[in-house]
Amino acid sequence: MWQNLPLLPEQASTMAPRVDALFLFVLGVAVFFAGLIFVSIVYLAVKYRRRADAAAPKLIAGSLALELLWTVIPLGLTMVMFVWGALLFVEIQNPPADALEIIAVGKQWMWKMQHPDGHQEINELHVPIGRPIKLTMTSEDVIHSFFVPAFRIKMDVLPGRYTTAWFEATRAGRYRLFCAEFCGTQHSGMIGSVTVLELSEYESWLSGRAAGTSTAKMGESLFQRLGCASCHRPGGAVPAPSLVGLFGSKVALEGGRTVVADEGYIRESIIDPRAKIVAGYQPVMPTYRGLISEDGILQIIAYLKSAEQGTGEAARP
Amino acid sequence: MKSTPPISVKSYVGVFVALLLLTALTTAVAFVDLGGNLNVVAALAIAGGKAILVALYFMHLRHSSRLSWIFAGAGFFWLFILIVLTMSDALTRSGFSFAAQ
Amino acid sequence: MSAAQTTPRIHYLNVSYGVRSWLVTTDHKRIAWLYLLSITFFFVIGGLFAVFMRLELLTPEGDLVQADTYNKLFTLHGVTMVFFFLIPSIPAVLGNFLVPIMIGARDLAFPRLNLASWYIYTLGGAFTLAAAAAGGVDTGWTFYTPYSSIYSNTHVALTVVGIFITGFSSILTGLNFIVTIHKMRAPGMTWFRLPLFIWAHYATSIIFVLGTPVLAITLVLVALERLFHLGIFDPALGGDPILFQHLFWFYSHPAVYIMILPAMGVVSELIACFSRKRIFGYDFVAFASLAIAVIGFLVWGHHMFVSGQSVYASMVFSILSFLVAIPSAVKVFNWTATLYKGSISYDAPMLYAMGFIGLFTIGGLTGLFLATLGIDVHVHDTYFVIAHFHYIMVGGAVMGYLGGIHFWWPKMTGRTYPEGWARLAALIIFIGFNLTFFPQFLLGYLGMPRRYHVYPPEFQVLNVMSTAGASILGVGYLIPLIYLIWSLRYGAVAGANPWLAKGLEWQTSSPPPTDNFDVAPLVTEEAYAYADAEGETGHPLGKPVDV
Amino acid sequence: MPTPMRKAKPVIRWGSPSMSETSTVIAHQFDDAEQQREASTLGMWVFLATEVMFFGGIFLGYILYRSEYSIAFAAASNRLDIWLGLINTAVLICSSFTMVLAVYNAAVARRRALQTNLLLTILLGCVFLSIKLYEYHMKFEENLVPGAAFAFPAPHAPAAEIFFSFYFAMTGMHAVHMIIGIGLLGGLLFRAGRGRYSPEYFTPVELVGLYWHFVDVVWIFLFPLLYLVGRHL
């Protein structure tokens, strides 16, 4: 029975031992103070138990020195926890630049994953060991949360915007993936697994599957099919801003503001095109709300990213 | 016991006229482009001034106990906490269009 | 019945009879009883929901109830326990009974408002029960949008309206306490002679008054969004679901302090009485209550570290959350120091008080894990959080409530409860509680998410332990229910001051007369002046004694 | 927040409700009229702090969306009738003025003037609500009520719908407060007619006055936020 009762979950990512180290530090502080209080109470309660002949206790009103002592020491310790925790948090929040980008879309009650090469998985994710993986996530309905205990990562997945999470697996194996934000009737059924493969196995897993179209390619064909290219090219039907090199650049807007063209901006420009108008252009683009799925938007974003890297030919004029 | 209120009818009339004038002013200013966010600042500053006039004179806060001041202030202080901390998130969120400068 | 030789004394319980005399009463002591009965009712209901949840979780499969039933169970457990039991528990029962008496007033400042707030509470409860009876609600007590406002097809609007209505009962209670404490203190009852129970209730009232309205307007918006398909919190229509979380937690985090601060006040009274000592560092404990109430309003964002909230905002909320831990720690240290050189007896209320300190310490310290950004990412929305807040709300607030009920039972009823049974029950509750909730810390760190109807088999051992503990805890709660009712008729008649305690409430008869005192009290000594008999009135801090 | 302690009185009345020499009714829990008046006034201020937070939550929502959808909010705001808003602001300021005169006249024992001013305040409140109702009707005609029938020129439709959601929620909440206020004023008017108020006892008039002015202050902020935003665009 007891082998079924580990005290710490498996450590399978670069972050896991670091989170556990901080956990053990806070645990140490907590155990020390809890012990101090428990022992003191029991000791004092026994030592000063009421005796029949005892006189009334003398008044001890307080001690400024003690009050300061037990204000300052906990304050110092908690500040250590804060700084340590915050530094770790910043790392958890910021994926490395060279990470492999995987798209995760949550919907009631399943996870849809999409690899850069176009492979799609449901409630399963296969990743190589030792390579940072960045998840760009969104939801098609309510709020979900992507939680892999063995990696010590969790991030809410929201409808209408993108959130990211990242990890670098350190041990091969199959790890549980949970939805951690209550999302409706089958919330507890919205579970899956992340399989970490040795690099060679990952390669064979990739090749063993029917070669899909890459995400960027799918985005490209969607880009054509929806007719985006008829305007978003020089001399198009209607003057529209060029999308080459758009991703990550600064866009000047009507009204003097500028905005960085990140995933959120591109998504908004497709769903609600007139929310932000690029300086010098007319607000004529119709909305694609309802005409394109969340997966589709993410594919187009992948396509625009690749266009920025110079591989997406069709975006070229 | 109060036999006469501390504020005279004359000062009530004064405050009343001032409130009407400020209302006219804020409406007029709204049609002028002051540039940037100055229109919002002006509108809220005038509204704040009007609110202070109402509170001090019509609500007699000026002659009220310190305790009334504290609770009147507490409401707005807590509102300030709510707005500032929430907007500190909304205006610095990444991956969200609020990040637009 | 032994005291029946003399003519019966007229007190608040026998001054009039009949249901009507209770339903139209404006006596704060009788209203406290109305609340006591209604919150006990909701406690039992909420407890029954918990029983079914724990039984379901005995096995990893969903074999006892369906998924949607389970979701409704934990939602209704949360809603009834938080809004209809914990929040009103100590303030509306013990606070209602004791605040006027402790400061030497005849009643609260607005007695009719006080009665109105009970009716409002009852009305809100009726709405929520109607929602439960009509088929329940499955959003969790947190009502996160857009699930609650668009996707759920259960009775969200009805439940939300019930909570909205009940909120006004809290607001009116808080308003009544603030005005009463400011304006109705007996001659000589200066601020620094107030019992710490009063300081705690003052701090609680501030939260009631300034926090509850924000929850009210938020729930109105959710209901409007649901009924008229507005887009305020719905991202599909341009709304921001995170705004809902900000507004919700702006109230609901301080609401935790609504539950724990009054319990802290009770524990201060109990520790002082049963160790025959003035609370060590009285001023610090008093100000710690206010500090918790104020700083408690600045930390709500720690519920949202992985919600998509800005990293910068998360850091601000994290550091502020650590700051609010300090006044709580100061209180715990001061209570412990009070025992030093005391004369400690182990009556049942004291056992509850010591249990409170232990469990609150664990609950508070595990809060540090949740305030630490790097750790919270892992433990957020897992059973670690469930265990943490049950240590605060059940280990803290409910232990404080039970301790207080036992301590003031002789005052409220004029009867004493059976001490042996009470100590036994306190022990059973302490053991059962730890068995129930300690395993959940382990479950949480292992990664079991909350609100899971079925769960992976590796979590079963700990879940079985938890359910076993819950059955012990349930028995522990039943025992006081039985012997307290028994004592109403068969308990020994209590004198005015069975504990030989200090405080104005012990200077009047038990049960008190309708006007609380036969002679107007005049306060001439500090709170907890247990040492006065020995002539020890010095004040080592050198503060002038202000009369 | 320690306050100066109430002066300890040499003789303390205790017990049953008492009638002071000025025929003021003092509830049994209070020692004297002054304590009763102070308690009631403090209670009202605490209640108003609650009200600030009640409206505050919805103001926060408005501020957040305005900063996000400023252009759409300006466009939507331009669909409100600024002149009706302006007239209503003036009406409400007038009603605050008559309210404060009512309190004044209660304090100086001019019963007729008290009644007249209360009546005027009620009438002005009704004028405000009527204009508001007319505005609601216009918005309904123009398909600007959020919901299935909502129609707004394409660029900003979703954000404009949020604007109008706030418009109706905020002004609706405000109107509910006005209606409650008019009810309270009606009660005052009735009791003033029966001569219940005197310079020694007019706390209810003062308290309703505080409430009414607060409702006015809310509108003072609603008017620029809803009607004037982006008017120059």
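Predicted model: local features only at pLDDT ≥ 70, side-chain atom pairs only at ≥ 80, totals over all residues.
A residue counts as buried here if 20 or more other C-beta atoms lie within 10 Å of its own.

Helix 2 of chain A covers residues 64-93, and its 30 residues reach 42 Å from the first C-alpha to the last, close to the expected 44 Å. Its buried residues include Trp70(A), Phe82(A) and Phe89(A), along with Glu67(A) and Gly85(A). What lies over them? The cover includes helix 1 (15-47) and strand 7 (153-157) of chain A, and chain C contributes too, with helix 9 (282-295), helix 10 (311-339), helix 11 (348-371) and helix 12 (373-379).

Staying in chain A, let us turn to an open sheet of five strands, in the order 3-2-1-5-8 with mixed pairing. Strand 3 (120-122) and strand 8 (163-168) are the edges, each pairing on one side only. On average, neighbouring strands are turned by 25° against each other, direction ignored. Strand 2 (residues 110-114) runs antiparallel to strand 3, and three bridges join them; Met113(A) has Glu121(A) as its bridge partner in strand 3.

Now over to chain C, where the axes of helix 3 (residues 67-103) and helix 8 (residues 241-275) come within 8 Å and cross at roughly 35°. This crossing is left-handed. Among the residues making the contact are Ile90(C) and Gly95(C) of helix 3 and Met259(C) and Pro262(C) of helix 8. By class, the contact has 11 nonpolar residues, one polar and no charged.

Finally, chain B meets chain C through 12 residues of chain B and 13 of chain C. On the chain B side, six are nonpolar, four polar and two charged.

Notes: Residues numbered from 1 in each chain as written. Chains lettered and ligands numbered in written order. Helix = DSSP H or I, 4+ residues; strand = E, 2+ residues; numbered from the N terminus. Expected span 1.5 Å × (residues − 1). Buried ≥ 20, exposed ≤ 12 C-beta atoms within 10 Å, placed from the backbone. Contact = placed C-beta atoms within 7 Å. Axes fitted to C-alpha atoms, helices over the stretch in contact; angles between N-to-C directions. Left-handed = near helix turned anticlockwise from the far one by under 90°. Nonpolar A, V, L, I, M, F, W, Y, C, P; charged D, E, K, R; others polar. Pairing = 2+ DSSP bridges.
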